[in-house]
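Let's look at how two chains meet, one question at a time. Here is the structure to keep beside you.

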Amino acid sequence: MRPLDEQETTQVFEKLHKFVGNNLKNIVENPSHEGPDNSPGRYCFRLQKNRVYYVSESLVKRATNIKRDNLVSLGTQLGKFTKGGKFHLTVQSLGLLAENAKHKVWLKPTSEMSFLYGNNVLKGGVGRITESISEHDGVVVYSMSDVPLGFGVAAKSTQDCRKMDPNGIVVLHQADIGEYLRMEDDL
Amino acid sequence: MGKKMGKKRQKIVLPPELPPEIPDEAVEVSDEDVQFVSENQEYTGFMSNLDTKTINKQVTRVADVKEDELESLYERRLKKKALDKETEKQGLEVDPVDALPVKTLDGKLHYRTVPKATQKSENEDKDEDNTNNKDAGTDASVVKRTKAEKRAQLKKMRKEAKKHSKEVAAVEDVEQIPHAEVLDEVRKDMTAEEANEKKKFRLAELGTALLTDPELNIKSLKEMLEISKDGDRDIVVLALKSLLAVFRDIIPGYRIRLPTEKEQEMKVSKAVKKMRFYESTLLSAYKAYIQKLIAIEKQDVYKRVAVRCICTLLEAVPHFNLRENLLAVVIRNISSEDDISRKLCCATVKSLFINEGKHGGEATVEAVQMIADLAKAHDCQLHPDSIEVFMSLTFDEDLGKHEAQDANSKFKSKNAKRKNLKEQKVLAANERKRTRKEMMSKTLEEVTAELKAASLATDVTERRRMQTDVLSAVFETYFRVLKHALKPRSESGSSPELAGSHPLLTPCLNGIGKFCQLIDLDFMSDLMNFLRKLARSGIDSDGSSKDVSACLTVSERLQCCIVAFRVMRNNLNALNVDLQDFFTQLYNLIIEYRPGRDNGEILAEALKIMLCDDRQHDMQRAAAFIKRLATFSLYSGSAEAMAALVTLKHLLQKNVKCRNLLENDAGGGSVSGAIAKYQPYATDPNLSGALASVLWELNLLSKHYHPAVSTLASNISMLSTSDNQIHLSNKSPQQAFKELSLEQESFSVRVDPKNSNAKREKWNASLKHNSMGPDLDLTVQVDENAVKSKLSEHYSLLHDIAENERLRRELAETTLSLNLHEQYKKQRKRRTK
């Protein structure tokens, strides 16, 4: 386990910024009440086997006691680095993203299943959508009862969405909670 | 002296015949008679004062005189009277101030003779002033009278003037002053008065003549115009007004088009010639009149009169020629500082918009475009009334839909896809329908065009085009105002009152709210951006130093949010957009609201539109609003607290998950979401962590001094225990706010029921009945003691809090000084060591 270097940090923050915008500082400076100390610590990012984890400092201190090969995971996984050096967010980051998301889309009950199978979100399935989404923004997908279902990338801005026909794609799928069942082995 | 022998008519009783006239010289007066008369002056003095003229008047019969001579007879009489007055002036002495006049048998006022030379000149002047004032007084009252009675008034004026002249004559029976100049001056004034009276008569005559038979007497218009060029202000005003009355009734219901050269050369019948002559005279006189009005409007003295005339003309005959000039003046004055002229102009423009049938819509287009230009020229520093008039505009309901259908039918062959579009078509179309028409054969076009010109019915496409023009001008103005409101302070220039430098913003927002369903989708995003920036404008954006937009008041920002929601709601068929930013703004505005300074009704409306009507909410956000509303109701007045509590109840009933706020579970447990602790100062409702808080404020509120608030608070806190309470309260926050702000008065009355006699008790009882809303379910028996105790509790609590704070401050100070002292001691020890 090692902390991220400059380049990796910028990549991670860029990806996160697409989804959470200014709330990034909330993520980075979140006080953590874990651990036996009274004063709250901070959260930090660690890299282990090409996966990025979001961990509280107290936990990191204790995790240093475990041998590198034996350490499987710690804290919350945010995403992975591919062999080509690119960073992708995975579904385990959904909790963190959903809390701080700027751009949200709520799905109608009829189209929830379709999204959970890995399909893109069509305009006819959109119940509500946040104003001021521009193209290629990160979007978190919720059900109507505010349960986060996954996230993706906006295919069009909100303005264009208004004029689209009902079969147009609004959000391109990136990750959803159905993956816990479908791709259990890969996670 | 003319004396006519009365002609004998059989049925009429004639006055008796006079004795044959004997010339004075032939009369032989005996000495005895003379002596007798001179001795007994008291008895015989009356003879010298006999008014032989009046006696003779009984004899000459007016009815015998023919029509034309009648006029001349009257005029002669007037002239003679005037001359006589002058001669008589030398005779009698009068001082109307000291003595009451006596009315003799023949109707003449006879003043007691007291010679006082110096005072007379004053009195004369005073009398002159009085007559002038009376003149002005009657004029002023004439000014205020409605135009419809003008004609009758003109006739009355004649009689009044006659009476007036008699009074003037009586008053002018003033003692002759030795100073010749004063006499001359008086004579001059007299003749000026005379002349004025004459002119007024002339005006009245001409006016009535024109109204009875306009075609015959059309030339008298010129004469009336001449009179209006007089020097005396009253005459000019009267002339203008009589001309106004005449024109209003004479002007035909069609636009006069002067005959072209060709037509003039043709041979036409007499009737047509007559008509042409009549029309051309009318038109030229009208032109001259309007030019005079416009010229005179620039002088302050005549401004109101001119504006009034112009407005009346525009309202009455908007279809006639020269409408543009009238419109230009009206619109120029639509923002003037003079209240009356501004109100007149606004009323005129509104009536123009409402009565479109009179002018077929073109005047609306022109007026709206002119107002838009005015706003541009003045850089949006106009009186709000000028934009308020836009609210009386009406558009066809299906303005957008028709265009869609039309365009569809034409583009069907080209773009089959467009058939499936459900959304509104673009209104400010790039390709006009007209260009499509050019593709049709030309002959067909010509024929249809001629047919249209001949028919008076308003063509549908024409109407739509005009309405589109109006709409685009209106929105241009609104967007200009919005842009102006967004300009940063340094740029908004030399206007000293920067804080209130957006007078047009409120009516602009109202207008946008009203016409929002007609806004084009393209503009929607820009509009939303603007509104967002405006709503945010109160807070400094961190980082940028001077780039802050102009500060708007809390009420204005609330209105921005309300308008944004209305716009969004009207376009629901396109997409259900969630306005995150505006919710954040509302969240912050609730805290910034101050009861005295800001408008509570707008807040109530905002709460209703944004929170109560909305169907779904993010749980975290809803909880954040609930918590903040509870905090708000703690420190605001009872009316706002009531509105807030009603909204709170609504939100709690709708969002079941928020009910854990009512449980006494401080950490929030598992439902609290990721944010473990409540951040009361968070600006973003989503990050406030309100799900982890508890609504302890309800407990405090149930001890509120106002019975309604306390009951509602206790009801809410019991909400979770009463399961499945689907009954939603019918009250909106606005109603609650209104009720309580009215109830304030009735509340204080109810406080002393003991001091009431029978009547007052009844009144109290009826008040109680009226003010209780059916939903509030109050069973309050207010008596003085309970209220007193509650109020005293409330204030003692406040007092305690203040005390507490003070003591803590003291404590902090003393601990600080103690610490310092200890440190100092330590340092000393170290040094000594």
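Q: Which residue stands opposite D578(B) in β3(B)?
A: In this predicted model, T130(A) stands opposite D578(B).

Q: Why are β8(A) and β3(B) called paired?
A: Strands are DSSP runs of E with at least two residues, helices are runs of H or I with at least four, and both are numbered from the N terminus. Two strands pair if DSSP finds at least two bridges between them. Two bridges join β8(A) to β3(B) (residues 577-578), so these strands pair, and they run parallel.

Q: How many residues does each chain bring to the contact?
A: Chain A brings 22 residues and chain B brings 27 residues, where contact means heavy atoms within 4.5 Å.

Q: How many salt bridges are counted between chain A and chain B?
A: A salt bridge needs a side-chain nitrogen of Lys or Arg within 4 Å of a carboxyl oxygen of Asp or Glu. The count between the two chains is zero. On the side of chain A that touches chain B, α6(A) gives the most, with five residues.

Q: What makes S157(A) count as buried?
A: Buried means under 20% relative accessible area, exposed over 50%, and partly exposed in between (1.4 Å probe, protein chains only). S157(A) has 16% relative accessibility, so it counts as buried. S157(A) lies in the loop between β10 and α6 of chain A.

Q: How are these values set up?
A: Local features need pLDDT of at least 70 and side-chain atom pairs pLDDT 80 or more, while totals for chains, interfaces and linings use all residues; side-chain values use heavy atoms, leaving out hydrogens and water. Residues are numbered from 1 along each chain as its sequence is written, with chains lettered from A and ligands numbered from 1 in the order in which they are written.
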